[in-house]
2 protein chains.
Amino acid sequence: MLPGRGHRFLASRAVRSYSRPAAYVLPHTIKQLLASSPENEITTTLTGFVRSIRKQKHVTFADISDGSTPFPLQAVIESEKLDPEVIQKITSGSSLKLTGKLTKSAGEGQEWDFNVGELEILGLCDPAAYPIQKKTHTHEHLRANAHLRPRTDETSAMLRTRALLTRSICDYFDSEQFVQVHPPLITSNDTEGAGETFRVTPASDPPESELNGLDVSTSEGKPEFFGVPAHLSVSAQLHLEALSHSLSRVYTLAPSFRAERSQTNRHLAEFWMLEAELQLSTPSLGPILDVVEGSLRSIFDAYTRSTDAMVRFPEAKAARHALESEWRRMTYTHALEELNRAHDEGVFIKPTGKGKGKDIVPRPVWGQGLRSEHERYLARDAPIFVTDYPADIKPFYMRLNEETSTPPTVACFDLLLPGLGELVGGSVREERLDYLDAALKQRGMDLDEFAWYRDLRIYGTGPHGGFGLGFERLVSFVTGLENVRECIAFPRAFGRMKV
Amino acid sequence: MLPGRGHRFLASRAVRSYSRPAAYVLPHTIKQLLASSPENEITTTLTGFVRSIRKQKHVTFADISDGSTPFPLQAVIESEKLDPEVIQKITSGSSLKLTGKLTKSAGEGQEWDFNVGELEILGLCDPAAYPIQKKTHTHEHLRANAHLRPRTDETSAMLRTRALLTRSICDYFDSEQFVQVHPPLITSNDTEGAGETFRVTPASDPPESELNGLDVSTSEGKPEFFGVPAHLSVSAQLHLEALSHSLSRVYTLAPSFRAERSQTNRHLAEFWMLEAELQLSTPSLGPILDVVEGSLRSIFDAYTRSTDAMVRFPEAKAARHALESEWRRMTYTHALEELNRAHDEGVFIKPTGKGKGKDIVPRPVWGQGLRSEHERYLARDAPIFVTDYPADIKPFYMRLNEETSTPPTVACFDLLLPGLGELVGGSVREERLDYLDAALKQRGMDLDEFAWYRDLRIYGTGPHGGFGLGFERLVSFVTGLENVRECIAFPRAFGRMKV
């Protein structure tokens, strides 16, 4: 193909034009159609995918979904109105363009039918090869077809739930004067100090000539694209702290990454986190717990009231129960007292069989993390904040409590939810430079690497804190989907990346 | 430090408690205080940072910012009310906790003062060392102090602008029935087929023992964490296409990554993109252009009406002008005609000096991309959509136009803005399998690598399309900040990663 030259060549070329409509309108979605005075029987055009189809002699019923509603709309196609050969070709998975009217349904299970006047097949689908049949598939089969999985009722409902949760998160934090920010995902810092991170390098090596004169220092004898080794962020916290020193209250909903070599139903290599950070007037956990509880109650309220999410996950039991409960707040030390009482009362004793009468789980030990069995027990009735864990099992940035008793604790918390376990973790941050330096040194960390973070304590510091919430776990809690891999469109985990 | 054992140890340990307030309240931000009946002179407590300070004999004026407003609030500190030694210590950059009342200002330039009754220094700041002085700094100096840069008026206004734009983007797309989705950032696909991508690998090698029995195949003789080579996403488009086949209309605002070894003011290695995809009833660009224009007009409208963003970037000239303009829609072929006419009329002719009378830029050539000078000319008065570029210079996924003339064009567009150039690019996608396969083959690409993408055409395809919008360029356009590095909190570019 030879490119033409100059404008003399142009006159011979076909040209198109796109005019802007006087009133800007997109075609109706099924949701909009159902919401727009359907009794008026206005002729309208829809596009959608056939979820299932029943062909009878005189009439064909096709369940049509465009993803805007939890239940498909039943299209009624009368054979005499349309070409039988066209109707014959339609199968589950086909995409159609339908023109017709919404009419009161004579059938059971739906209020409205879509009475089809004109029909155009946009795309056929071979039912023998199509991996998404009407029958129930295993989650494993659906994950192996991650590009088609969103077409199932369950996954599309999950995706609408994510959108709803996202919206209600932003509504809450915006209304509480938090500024939504976008911290970097490529970073030179590793927040936890010992995370399993991913390394980021250019896919191709740079030509030597391009490096001349540029400030690209080397690491291990190789040039670094950014001048320093680059990793994917495991948490936005440190950057949020910097931003909170300007904007006072900040939040973000963005991916985080962990190169964890585990294949549990609780872990993803790429997952979304809600993280928030706020300046405080005193170094107290109270306001942070208030924000966590306030935001979650607001999100649960939006979820239980929404018809979008509700209809597929009709009970919304967990969210509703959390809304109706009082959320306890208890120190780690008190929690251990309660757990020991429960052990005394035989809660953790195996009632029958071999080992009968013995504790199934060991008693909790002060100074160690809580076992998941213990977390489940503490959150058996309602969400519970467990606060003030021992300093030794927590990261460097958590604020040391000032009580004189030893071993010391830090002003931190986990929020445990019934049936789920930890959803949120957070703390007051150590804003006192001498304490921060001591914590870094105690953990054998390099002060120079945290020079900019220490600067935040050197130039006009203030008490502040925040938290991180695992978004897929939130989706899991409200939908009841137990595996976080069903709570994200395209899950990434160790050994697994389809699509 | 010995961990305690069992609950007998616990009684001796100090415990804390956090009770939930009856009514959940965070302290006022300055913005909230100014909005809440300030004439009532209610005593309230604020925390904030000193932007500048003037000490007089009897009174000290300190400009206080908490990032919630474009202009700081003037705190009036009367010497007789407070300890002079404390007042003496306050400098620019210090953080304070102030209790007092809002009162009508006697001074010029502000309506309200904050009359301080009590004062507590939360954090001091050494003015000799503090890198953020009141004087104007170069952007380069501020970028080198990326952790403190958000404390400047310009950067905090930019950050509030990002939040405002994010909010208005979501408002628009939610109202148009688009579902906000979260496509993966780690991917095995490279959308453009020849992008400069980043490679993702675990920072540490897995122990051989952990690989046993797991489906982790190898690449170039080394195990891959995900079983296949992993890259950072250059665009969410292909995944959005899959999701649009379920949800019909989807959008996302998320980071994209390019390992571009350039250091211009238009490029970042990590940047945010708004991307949207929608199913269409016919394969026409029209509705896509409508969504782009509709969303941007809605965003510009929100921006020009907002006092938050407006006051720091007072004119909002570019956004206002775009709102008042008609946006032209013109094919590439017509655009070349217009450019050639302009050349004929001497628009691109150098008027004086050496080379006088000659075209400064070469005439456009059909079949090649537009030069930035030509883009600027086309968008000299108002935003303009340039559509239907030659197929040969566009990626495989764009839909081939059906006119018979050759060389062929594709149903795509760029939106060019005055003073900025390209802000948005998009297209109708090639939904016809045979055309798609031909386009892939013509570019020497492997059909097997796109098996899942081809599946979208095999199982119930339909016409669809979408676009991507560079979020930092949008920030640049509305704020007038010319370098995209000033339009993101922590810029990442070749050879540059501070903080």
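Biologist: How many residues of chain A are in contact with chain B?
Modeller: Contact means heavy atoms within 4.5 Å. This is a predicted model, where local features need pLDDT of at least 70 and side-chain atom pairs count only at pLDDT 80 or more, while totals for chains, interfaces and linings use all residues. Residues are numbered from 1 along each chain as its sequence is written, chains are lettered from A in the order in which they are written, and side-chain values use heavy atoms, without hydrogens and water. On chain B, 168 residues take part, and on chain A the number is 167.

Biologist: Which residue of chain B meets Arg167(A) in a salt bridge?
Modeller: A salt bridge puts a side-chain nitrogen of Lys or Arg within 4 Å of a carboxyl oxygen of Asp or Glu. Between chain A and chain B the count is four. For Arg167(A), the N to O distance is 2.7 Å, and the partner is Asp174(B).

Biologist: Which helix gives the largest share of the side of chain A that touches chain B?
Modeller: Helices are DSSP runs (H or I, at least four residues), and strands are too (E, at least two), numbered from the N terminus. The largest share is 11 residues, from residues 153–175 of chain A, helix α4.
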